[in-house]
Amino acid sequence: MPPFAIIALILILARATTELWLSRLNQRHVRADANEVPPAFHGIIDEGTYRRSVDYTLAKSRFGDIANVFDAVVLIAVLFSGVLPWAFGKFSATFGTSVWAMAGFLFITATALNIPGSPFAWYAQFKLEERFGFNTTTMKTWVLDRVKSFLLAILLGYPLLALVLKLIEWAGSNWWIWAAAVVIAFQLLLLLIAPAVIMPLFNKFTPLPQGSTLRERLFALAQRTDFPTRSIEVMDGSKRSRHSNAFFTGFGRFRKIVLFDTLIAQLTEPELESVLAHEIGHYKKRHVLKLLGVSIAGVFVAFAAVAWLARQQWFYHAFGFGYHAGFAAANVVPAMLLFALLAGTISFWFSPLIHIWSRRFEYEADAFARTTMGEAQPLVQALRKLTEKNLSNLTPHPLYSGFYYSHPTLLERERALQTTA
């Protein structure tokens, strides 16, 4: 086995082993307080709900262990069995090496690699979530969601792939700069049109009724925080799950605030206002722009890495591909495919750093909500209810939380709000 192939295999196994270790560490930590509600949560959650949250956490964790091991086995098999270079050779011989053919190879390969995980997605939705009373999705909806996603990928993703590959021939050695710019422009366009065009394909959005006290309260909040929005809408999240959420999406005239119908059913109007104030806090603190900036930088780094790897003979030979120099789509496609498969293995180790940044944003948005509301209690109550209704893990191990939690835990957020107050 070539040296880099050995390195890649070690990295994949290291990630899989670390994920299992972190999961078991968290499971032991949760079990340590499983028999009674920890003192810090007395008066916040009743014993029956706490035990269900423990059971839910452990069930998801055990299922995640199986899924992660399966994913690692599939990845190793795909990378080191020789199936990718064999499929690439067969596909090229049959359909040629035109831009559209090579885009088709990438698209078909990505689709095929998603198929093995479908049974796990089905089990998570219709067995695990069903067991704890969260699933409201019908099989028809579940299948239609996947069909719609696939058709959107064909309509939008396939032409984008073809354009990126065409830029290799048009721009030569600088193709990756133009490709990154095109992908970023496409992502920004999606952010602009998704609320009006794409999201309604999956969910129904209904404006809050005129004259309702909730609508007046939330629009008053948007006005006094100088948050530009033309619409506050309710999404039928209960169509798929009893989990709840709120968010704002889009830019300019397409921006809208979205509340899950499950969230409205769970919280009082002051609590809903505090949740929306938190979301507005992300906007006012420029978290969205900062995350967008990091995303843009990440796209450029990714394409620069692909362009560099596409010139490395050892990289191709490590996974059984033949190497051909030159700026042609067929010469770069293997590097794109291999980079996409290996990127998660590398990015996993940076997740704690990313989550530190993300949690800082959450604290800042919480503080903004507390200041805007004039008190912390409505947001505290909302967070407690959401934690209870979603059976969130109240006692994650700190190391596990560092790798997987983009948001602080309930106690961490409450302490920060009290400190701010």
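I'm working from a predicted model. I looked up the second largest pocket, and its volume comes to about 1,100 Å³. Next I wanted to know which residues sit closest to its centre.

Then I went through the elements that give two or more residues to the lining: helix 2 (47-80), helix 4 (99-114), helix 6 (139-171), helix 7 (175-198), helix 11 (287-309) and helix 13 (329-347). Which helix gives the most? Helix 6 does, with 7 residues.

I also sorted the lining by class. I got 28 nonpolar and 5 polar residues, with 1 charged.

**The phi check**

Most residues other than glycine have a negative phi, so I went looking for exceptions and wrote down two.

Arg286 is one: its phi is positive, about 60 degrees, and it is not a glycine. I found Arg286 in the loop between helix 10 (269-284) and helix 11.

Leu391 is also a residue other than glycine with a positive phi, in this case near 50 degrees. I placed Leu391 in the loop between helix 15 (377-389) and helix 16 (398-404).

**Buried or exposed?**

I checked accessibility for both. Arg286 has a relative accessible area of 53%, so it counts as exposed, the cut-off being over 50%. Leu391 is at 2% relative accessibility and therefore goes down as buried, since buried means under 20%.

Notes:
Residues numbered from 1 in each chain as written. Predicted model: local features only at pLDDT ≥ 70, side-chain atom pairs only at ≥ 80, totals over all residues. Heavy atoms only, no water. 1 Å grid on protein atoms, 1.4 Å probe; cavity = no way out; pocket = protein on both sides within 12 Å on 5 of 7 lines; lining within 4 Å. Points joined across faces, edges and corners; volume = space filled by probe spheres on them. Helix = DSSP H or I, 4+ residues; strand = E, 2+ residues; numbered from the N terminus. Nonpolar A, V, L, I, M, F, W, Y, C, P; charged D, E, K, R; others polar. Buried < 20%, exposed > 50% of the residue type's maximum accessible area, 1.4 Å probe, protein only.
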